[in-house]
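Biologist: I am new to this structure and would like to learn how to read its features. Please take me through them one at a time.

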Amino acid sequence: MLCAISGEAPQVPVVSPKSGSVFEKRLIEAYIAENGKDPVNGEELSTEDLIDVKSQRVVRPRPPTLTSIPSLLNVFQEEWDALALEAYTLRQTLSQTRQELSTALYQHDAAVRVVARLTKERDEARDALSKVTVGASRTAGAGDEAMQVDSTGLPEAVLARIESTQASLSKGRRKRPVPENWATSDSLSAYQPIANSEPLSTGGKALSVNATGDLALVGGTDGVVGVYSLSQKQVVHSLQANGPVTDAVWAGDKAVVAASTGAVKVFENGSEVANFSLHAGAATALAVHATGDIVASVGADKSYVLYDLSTNSVITQIFSDASLLSVKFHPDGHLIAAGGVDGQIKIFDVKTGAAAANYAMSSPVKCLFFSENGTFLAAVADKSTAVSIWDLRSSQEVKVLDTGNQIDSLSWDYTGQFLLTGGPSGLTVQQYSKSAKAWSEPLRSAVPAVAVGWGAAAQSIVALNGEGVITVLGGQ
């Protein structure tokens with residue numbers, strides 16, 4: 001009587017009623033626990049089905065080689081030889097491992113020294129670069145470039161324009177009345193899509209609506225910027241950027257376009273009038289100063305650049321400590337805020353380029369927008385669903401507005417009442433009541449938007465989706 005699994009005489013024999021075979025009990029129980037079947041015929045079998053077999057205990061005979069002292073000594077000698085060989089192999093492996101570890105530690109130490117040296121050289125170069133302002137200008141009428149190094153601050157003429165604009169705007173900003181024809185909360189709540197364009201670009205990226213609310217700049221990854229007339233529902237000009245468009249803004253009647261190649265181009269009446277290439281990397285965002293003829297660009301090279309569109313020249317270039325993704329001027333024009341990939345909102349004094357404040361966000365700062373009252377700054381981190389509202393007076397985050405949808409674009413209206421947000425899941429309008437000091441949401445729409453803007457008198461909302469299609473929302 002032999003076990004069907006081991007082929008040996010079982011110590012505790014049992015019989016399977018499914019196949020009639022005899023098994024060693026511990027072996028068949030282990031097999032059933034793993035497979036739940038009879039190993040002979042594959043039928044379902046449980047331990048309760050096994051039948052014990054009553055038999056005499058089998059005493060296994062000693063192996064013939066272990067019945068004498070010489071044979072035992074021979075076995076012991078073989079075991080000793082095996083142990084000695086294993087110990088020798090382990091010593092060899094240990095020696096080899098020590099040599100490999102020594103080599104790895106040497107290489108690691110050398111790598112650390114190289115990294116430390118490169119870091120020191122980088123910091124020294126960055127420090128030297130931050131003390132130098134490099135300017136370059138190239139106009140369409142003259143085919144040459146002029147380079148200038150200037151560390152004395154802004155030119156007197158530009159400084160005078162900035163100070164004059166600040167003085168005139170800051171005087172009555174907070175008491176400025178709401179225009180009579182401006183949209184109200186009730187009218188906004190009824191906004192619905194009223195017009196859709198054909199795809200105007202490949203991979204919509206940038207949108208800017210001019211002061212009249214009729215012309216929209218639309219740029220995408222194909223490097224073409226369309227000047228789209230909302231009233232005529234057609235493209236009136238096509239502008240060529242130097243690579244995929246990252247941002248586009250209106251500066252009065254001039255269109256300013258930034259590209260991932262680092263180029264910043266200026267167009268007027270459909271013709272290129274200036275081309276700047278200051279950024280050593282992508283130019284990521286643009287902003288227009290309150291004067292209307294000064295534009296800022298930020299880039300992956302950790303700098304922001306100011307341009308004078310009245311002379312089509314570069315004013316200054318200021319370097320920071322991180323790549324920059326977003327930029328906006330304060331409504332009075334004396335401050336410029338830039339959002340970095342390090343999650344910091346860096347605020348600079350426009351006139352001196354000195355750091356004025358620094359606000360911390362949770363991740364790279366995707367978009368910024370100042371309230372027209374000059375008191376609040378709205379900021380959104382990359383892939384976030386919430387808008388952080390910062391009070392410039394106290395440098396504190398005073399409100400977090402969670403819209404529930406990812407936000408890719410912001411736009412505060414002229415009156416400072418309505419904050420427009422847009423993202424791939426839709427857009428919202430958040431309203432701030434100055435009297436109640438509370439926020440509400442008069443509008444939520446499922447229209448997707450990678451970029452948003454206000455129409456004239458906030459009587460409409462313009463949204464650009466990822467396919468380059470413009471959707472206009474307004475009252476029916």
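Modeller: The talk below goes through salt bridges, a cavity, a surface patch and backbone angles.

Modeller: This is a predicted model, in which local features need pLDDT of at least 70, side-chain atom pairs count only at pLDDT 80 or more, and totals for chains, interfaces and linings use all residues. Residues are numbered from 1 along each chain as its sequence is written, and side-chain values use heavy atoms, with hydrogens and water left out.

Biologist: How many salt bridges does a search of the whole structure find?

Modeller: Side chains of opposite charge can pair when their charged atoms come close. A salt bridge here is a side-chain nitrogen of Lys or Arg within 4 Å of a carboxyl oxygen of Asp or Glu. The search of the whole structure finds 10 salt bridges. One of them joins the side chains of Arg161 and Asp293, at 2.8 Å from N to O. Arg161 lies in helix H3 (residues 156-170) and Asp293 in the loop between strand S15 (283-288) and strand S16 (294-299), so the pair ties together parts that are 132 residues apart in sequence. Helices (H or I, at least four residues) and strands (E, at least two) are DSSP runs, numbered from the N terminus.

Biologist: Which salt bridges does Lys346 form?

Modeller: Lys346 pairs with Asp321, the closest N and O atoms being 3.0 Å apart. That pair links distant parts of the chain, with Lys346 in strand S21 (residues 344-349) and Asp321 in the loop between strand S18 (313-319) and strand S19 (324-329), 25 residues apart. Lys346 also forms a salt bridge with Asp342, where the closest N and O atoms are 2.8 Å apart.

Biologist: Is Lys346 buried or exposed?

Modeller: Buried means under 20% relative accessible area, exposed over 50%, and partly exposed in between (1.4 Å probe, protein chains only). Lys346 counts as buried because its relative accessibility is 5%. Asp342 has a relative accessible area of 35%, so Asp342 is partly exposed.

Biologist: Which residues line the largest cavity?

Modeller: On a 1 Å grid over the protein atoms alone, a cavity is a set of points where a 1.4 Å probe fits but cannot get out, and lining residues have an atom within 4 Å of a point. Grid points are joined across faces, edges and corners, and a volume is the space filled by probe spheres set on the points. The count comes to one cavity of 30 Å³ or more, and the largest cavity holds about 40 Å³ of space. Its lining consists of Ala195, Asn196, Ser197, Tyr228, Leu230, Lys233, Ile470 and Val472. Strand S6 (192-196) and strand S33 (470-474) are the elements that give two or more residues to this lining.

Biologist: Which residues form a nonpolar patch on the surface?

Modeller: Patches are made of residues with over 30% relative accessible area and no salt bridge, with like charges joined within 9 Å and nonpolar side chains (Val, Leu, Ile, Met, Phe, Trp, Tyr) within 5 Å. Accessible areas come from the Shrake-Rupley method with a 1.4 Å probe; for residues, only the protein chains shown count as cover. Ile69, Leu72, Leu73 and Phe76 form such a patch, with about 420 Å² of accessible area together. Phe76 is placed in helix H2 (residues 69-130) and counts as exposed because its relative accessibility is 53%.

Biologist: What is the phi of Ala458?

Modeller: Ala458 has a positive phi of about 55 degrees, although it is not a glycine. Ala458 lies in the loop between strand S31 (451-454) and strand S32 (460-464).

Terms used:
On a 1 Å grid over the protein atoms alone, a cavity is a set of points where a 1.4 Å probe fits but cannot get out, and a pocket is an open set with protein on both sides within 12 Å along at least five of seven lines; lining residues have an atom within 4 Å of a point.
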